[in-house]
Amino acid sequence: MNELNIRIADTKPLLICISETWLSENHPEPLLHISEYNIFRKDKNFQRGGGVCIYIRNEIEGHIVHVSPNTNYEFPVSVDAILLNVKIGNRLFVVACIYR
């Protein structure tokens, strides 16, 4: 996390997508905290590897898009994916972090 924090401090990106996080419920959010960012994550709790997360700057509005057969977004079980509805200024985007 130290190297990531250094890079973020230098570049101050709006969004950060990370795949192959290896996170599980055993990794509490305070351990993953990056100043001025909110984290959205999808952990791989029942096997090693996998997992995805998206950090977005605090001033950006973001909400998880719940993926189900009733939405336009559906992924196989073997795919780790998190989608966010993000509002930057007056524009709306769907941001996805996907790992297979």
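Q: What is the order of the three strands in the open sheet?
A: The order is E1-E3-E2, with antiparallel pairing. Strands here are DSSP runs (E, at least two residues) numbered from the N terminus, and two of them pair if DSSP finds at least two bridges between them. The model is a predicted one, in which local features need pLDDT of at least 70 and side-chain atom pairs count only at pLDDT 80 or more, while totals for chains, interfaces and linings use all residues. Residues are numbered from 1 along each chain as its sequence is written, and side-chain values use heavy atoms, with hydrogens and water left out.

Q: Which strands are at the edges?
A: Strand E1 (15-19) and strand E2 (37-42) are the edge strands, each pairing on one side only.

Q: How many bridges join E2 and E3?
A: Six bridges join E2 to strand E3 (residues 52-57), in the antiparallel sense. Tyrosine 37, for instance, has arginine 57 in E3 as its bridge partner.

Q: Which backbone oxygen lies 2.9 Å from a polar atom of its side chain?
A: That of serine 24 lies at this distance from the arginine 41 side chain. The backbone oxygen of histidine 27 also lies 2.9 Å from a polar atom of the side chain of arginine 41.

Q: And what else does arginine 41 touch?
A: Not counting residues up to four places away in sequence, arginine 41 touches residues including Leu23, Glu25, Pro28, Leu32, Val52 and Ile82. Contact means heavy atoms within 4.5 Å.

Q: Changing topic, which residues make up the largest nonpolar core?
A: That core has 10 residues in all, among them Phe40, Ile54, Ile56, Leu84 and Val95. A nonpolar core is a set of buried Ala, Val, Leu, Ile, Met, Phe, Trp, Tyr and Cys residues joined through side-chain atoms within 4.5 Å.

Q: Which elements give two or more residues to this core?
A: They are E3, strand E5 (80-88) and strand E6 (91-99). A second, separate core of nine residues includes Ile8, Ile16, Leu23 and Tyr55.

Q: How many of the 10 residues of helix H1 are buried?
A: One, and H1 (residues 2-11) is hardly covered. Helices are DSSP runs of H or I with at least four residues. Just after H1, lysine 12 takes a positive phi of about 50°.

Note on methods
A polar contact is a pair of N or O atoms within 3.5 Å; within protein, one must be able to donate a hydrogen and the other to accept it, and residues adjacent in sequence count only if both atoms are side-chain atoms. Buried means under 20% relative accessible area, exposed over 50%, partly exposed in between (1.4 Å probe, protein chains only).
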